[in-house]
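This report goes from the overall dimensions of the chain to its domains, its nonpolar cores and the surroundings of its ligands.

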Amino acid sequence: MNPVRIALLAALTACGGAEPAPAEAPKPAETTTKAPSAPTAISNAAKVFGAGIAAATVTDAERPLLDLGRALYFDPRLSKDDTISCNSCHQLDRYGVDGEPTSPGVGGKRGGRNSPTSLNAFAHIAQFWDGRAPDVEAQAKGPVLNPGEMAMPSEAAVEKKLKGVKGYVDLFAKAFPGETQPITYDNMAKAIGAFERKLTTPSKFDRYLGGQADALSADEVKGMETFVATGCTACHSGPLLGGQTYMKLGMVEPYETNDLGRYEVTKNDAHKYVFKVPSLRNVAQTGPYFHDGTVATLDDAVAKMAKHQLGKQLSDTDRAAIITFLGALTGQVDATYTAKPTLP
Ligand code: HEC
Ligand code: HEC
C-alpha cells in the first residue's frame, strides 16, 4: 500500500463523532444467542467497518485550488462541443451519478460501463471498475480525451481552450502560484482531483460507529447484522464497505458478462471477470447497478450478490433487512461545496 493511501485511509477512518468508539469491549460471558448489548454491537461493527468517516474540512490555503477544480468539474467547455462536463455523468446533486445504465457522452455515444459515483471515490484503492488509474488525479485525465466521453482531440487543444478563457488564466495563476505556465493538462487534473478529495459523505452509520447507539434504528442494526452474517463483509468491509480490493464477479456461481474486468489491465488470466469491489456508501441512491448497469434495483443487486458471490438464496426478509441497512449509508456532502459555480 502506498503511503499516501495509508494516510488517506487514516484520515477517512478518523472518527468524526464526539465520542470515540469503545475500545475492545469484554466478551459477554453468557453463551446464549441473546443480542449483544449496544456498546458490544458497536464495537463489533467497528472491527469490521472502522470508527466511521468524517466530513472533509477545507483550509483557506486550499481554497484557490478547490475553486479551480470545482469550476473545471462543472465546465462543459472541457468537451469537444461544449456539451459534456464531469458533472453530466457524475452529478453532484444526484449522489455523483446520472442514473443511466451507461452514460451518453459527446454526440450521444455510450460506453460499455456504468458511471460509478465520484463521491468518496478518491479513497478507493484505485479508480475505474478495473482499477486502471491509480488515483483521482490520474483518472481525471481520461474522460476529457476519451472519444466516447468528452472527446477533446489532444492535451494541447485543452490547454489552448483554457488559455482562451480569461477567468481561467486568473484561477490557474491563483491555484498554482509561482508557476510560470500554470495552465497545463496536468494541473487541470490536479485541480479536479483536489476538488474530488473533499467529496466525503458521512452518514448516520458513522455516528453509530462513533458510539451513538441510537443513530441507527433497531431495523437498521438488524440489517447490519444480517449483512455481516450473510458474508457480504468478506468483500464489502472497511470504512467505505468496499473500494479496497479486487474480486471476481461470479465467485461461486458464474456471472454472464462480456467484460473481462481487470484482465484488460493486467492480461493475467486469473484476473478475468475481476472488478474493484465497489463502495456501498450511498448505494441506495446510485442505481442502476453493476459494472454494466444492467441491474435496475437494489433488491435485485443484493439477490444477485448473494447468489453469485456467496452461493446463497436470501429470504425476502433478509434482503429487506440488508436494504434497510444499506439505506443508512446514504450521507451528505456540503451542499455549498458542491453547488454549481458561476463559470469563468
Ligand atoms: C460520458 C460520461 C462520463 C463523463 C463525461 C465523465 N465520466 Fe467519469 N466515469 C464514467 C464511466 C462510465 C466510468 C467508469 C469507466 C470504467 O470503469 O471503465 C467513470 C469513472 C470515473 C471515476 C472512477 C470512480 C470509481 O469508483 O472507480 C471517477 C473518479 C470519475 N469517473 C470522475 C470523472 C471526472 C473528474 C470527469 C471529468 C474530467 C469525468 N469522470 C467525466 C463516465 C463519465
Ligand atoms: C466475493 C466478493 C463479494 C461478496 C461476498 C459480495 N460482493 Fe457485492 N460486489 C462485489 C463486486 C466485485 C461487485 C462489482 C460487480 C460488478 O462489477 O459488476 C459488487 C457489487 C455490489 C453491489 C452493486 C454496487 C454498484 O454500485 O453497482 C451491491 C449493492 C453489492 N455488491 C452488495 C453486496 C451484498 C449485499 C453482499 C452480500 C449478500 C455482497 N455484495 C457480497 C464483490 C462481492
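## Overall dimensions

The radius of gyration used here is taken over C-alpha atoms, and the globule rule is 2.2 Å times the number of residues to the power 0.38. The model is predicted. For 344 residues, a compact globule would have a radius of gyration near 20 Å; the protein chain has 21 Å, which agrees. Along the principal axes, the C-alpha atoms of the protein chain fill a box of roughly 70 × 45 × 30 Å.

The secondary structure of the protein chain consists of 14 helices and two strands. Of the 344 residues, 43% count as buried. Among contacts in the protein chain with a separation of 6 or more, 69% are between residues 24 or more positions apart.

## Two domains

The domain assignment divides the protein chain into domain 1 (39-55 + 202-327) and domain 2 (63-199). Their C-alpha centres lie 27 Å apart. Where the two touch, 24 residues come from domain 1 and 20 residues from domain 2.

On the domain 1 side of this contact, the elements that give two or more residues are α11 (263-266) and β2 (274-276). By class, the residues on that side are seven nonpolar, eleven polar and six charged.

In soluble globular proteins, nonpolar side chains tend to be buried together. The largest nonpolar core of this model has 69 residues, of which Leu68, Leu72, Ala191, Ile192 and Leu209 touch the most other members. Helix α3 (residues 63-74) is the element that gives the most to this core, with seven residues. Because domain 1 (39-55 + 202-327) and domain 2 (63-199) both give residues to the core, it lies between them.

Ala191 shows how one member is placed: leaving aside its neighbours within four places in sequence, Ala191 is in contact with Leu65, Leu68, Gly69, Leu72 and Ala175. There is also a second, separate core of five residues, which includes Phe128, Leu249, Val274 and Phe275.

## Surroundings of ligand 2

Ligand 2 is surrounded by 26 residues, with Cys232, Cys235, Phe290, His291 and Met305 the closest. Helix α12 (residues 298-310) gives the most to this shell, with six residues. The shell around ligand 2 has 20 nonpolar and six polar residues, and no charged residues.

## A buried aspartate

Asp206 lies in helix α9 (residues 204-209). A residue is buried if 20 or more other C-beta atoms lie within 10 Å of its own. Asp206 has 27 other C-beta atoms within 10 Å, so Asp206 is buried. Asp206 and Ala138 are 68 residues apart along the chain, and their C-alpha atoms are separated by 29 Å.

Terms used:
Residues are numbered from 1 along each chain as its sequence is written. Chains are lettered from A and ligands numbered from 1 in the order in which they are written. This is a predicted model: local features need pLDDT of at least 70, side-chain atom pairs count only at pLDDT 80 or more; totals for chains, interfaces and linings use all residues. Domain bounds come from an automatic or database domain assignment. Two residues are in contact if their C-beta atoms, placed from the backbone, lie within 7 Å. Helices (H or I, at least four residues) and strands (E, at least two) are DSSP runs, numbered from the N terminus. Ala, Val, Leu, Ile, Met, Phe, Trp, Tyr, Cys and Pro count as nonpolar, Asp, Glu, Lys and Arg as charged, and the others, Gly among them, as polar. A nonpolar core is a set of buried Ala, Val, Leu, Ile, Met, Phe, Trp, Tyr and Cys residues joined through C-beta atoms within 7 Å. A residue is buried if 20 or more other C-beta atoms lie within 10 Å of its own, exposed if 12 or fewer, and partly exposed in between; C-beta atoms are placed from the backbone. A residue is near a molecule or strand if its C-beta atom, placed from the backbone, lies within 6 Å of it.
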